[in-house]
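Good morning, and thank you for coming. Today I shall present one structure to the group, and I ask you to keep it in view while I speak.

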Amino acid sequence: MSTSDNRYVTQAVHDLASALWFGGSVMGVAGVNKSGSDLTSGSDRIRVAASAWSRFQPAQWGGIGTVLFTGSKLTAASSNRIAAQKGYGSVGALKIGFVVGGALATAYSAYAGKKIAAAAQAAEQRGEPVSVKDATIPSSTTPADLAAWQKKQRVAQFAVPLFAGGNIFCNAYLTQSYRFGQTAKGVIARLNPAS
């Protein structure tokens, strides 16, 4: 193993940050949003989920930032491999797309959460009951503006683990591309495009 290939600390930090981002987003969708359904008040269901997501945001953004930072370091260390090994660069570009898409979905989800909180508060001020099944699922009597933002946030929240998982999948491919057999196969394919 050459010195340029020996990036195990950077790789480990990248993998841990990816796991934090993926696992936290799945926990939020499967646990945080649903746990509010144990409460009787629709406003409380929204408030509890918003509070939990808000408390997780620094860790989530720390994970995303770490994935971006360590990913850029790993990419720089692999510049020769990108040029020489067929498939490495295209999967690397796909990985970057997943990370950027996931970061945008995360940001939009947080924005939608603020809109949900504002819509719930406005409904309460108008004297309308805030009836929701959970933080992102409206009921048949949920005010229209609140229901619309809940649906948007739900889509964004489900997109985040898909993007984060795509990042992990591409990372596994790129890591396996360091194996001698895969490296040789990629270099030969680059040298002989007809193969």
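This is a predicted model: local features need pLDDT of at least 70, side-chain atom pairs count only at pLDDT 80 or more; totals for chains, interfaces and linings use all residues.

A pair of packed helices is described by the angle between the two axes and by the distance between them.

Helix α2 covers residues 42-77 and helix α4 covers residues 88-125. Their axes come within 11 Å and cross at roughly 160°. Angles over 145 degrees count as roughly antiparallel, and therefore α2 is roughly antiparallel to α4. The crossing of α2 past α4 is left-handed. Which residues make the contact? On the α2 side they include Ile46, Trp61, Ile64 and Leu68, while the α4 side includes Val99, Ala103, Ala107 and Ala110. By class, this contact of α2 with α4 has 12 nonpolar, four polar and two charged residues.

Next come α1 and α5. Helix α1 spans 8-35 and helix α5 spans 144-176. These two pack at an angle of about 155°, and their axes are 10 Å apart. Because of that angle, α1 is roughly antiparallel to α5. The crossing of α1 and α5 is left-handed. Among the residues of α1 that take part are His14, Trp21, Phe22 and Lys34; among those of α5 are Arg154, Phe158, Pro161 and Asn171. The contact of α1 with α5 divides into nine nonpolar, 10 polar and three charged residues.

The remaining pair for today is α4 and α5. Here the axes come within 7 Å and cross at roughly 155°, which means that α4 is roughly antiparallel to α5. The crossing of α4 and α5 is left-handed. In their contact there are 21 nonpolar, 12 polar and four charged residues.

I now turn to the second largest pocket, whose volume is about 340 Å³. Which residues are closest to its centre? Of the 21 residues in the lining, they are Trp53, Ser109, Ala110, Gly113 and Gln153.

The helices α1, α2, α4 and α5 each supply at least two residues of the lining. By class, the lining of the second largest pocket has 10 nonpolar, 10 polar and one charged residues.

That concludes my presentation, and I thank you for your attention.

Notes. Residues are numbered from 1 along each chain as its sequence is written. Side-chain values use heavy atoms; hydrogens and water are left out. Axes are lines fitted to C-alpha atoms, for helices over the stretch in contact, and angles run from 0 to 180 degrees between N-to-C directions. Helices (H or I, at least four residues) and strands (E, at least two) are DSSP runs, numbered from the N terminus. Angles under 35 degrees count as roughly parallel, over 145 as roughly antiparallel, 65 to 115 as roughly perpendicular and the rest as oblique. A crossing is left-handed if the near helix is turned anticlockwise from the far one by less than a right angle, and right-handed if clockwise. Contact means heavy atoms within 4.5 Å. Ala, Val, Leu, Ile, Met, Phe, Trp, Tyr, Cys and Pro count as nonpolar, Asp, Glu, Lys and Arg as charged, and the others, Gly among them, as polar. On a 1 Å grid over the protein atoms alone, a cavity is a set of points where a 1.4 Å probe fits but cannot get out, and a pocket is an open set with protein on both sides within 12 Å along at least five of seven lines; lining residues have an atom within 4 Å of a point. Grid points are joined across faces, edges and corners, and a volume is the space filled by probe spheres set on the points.
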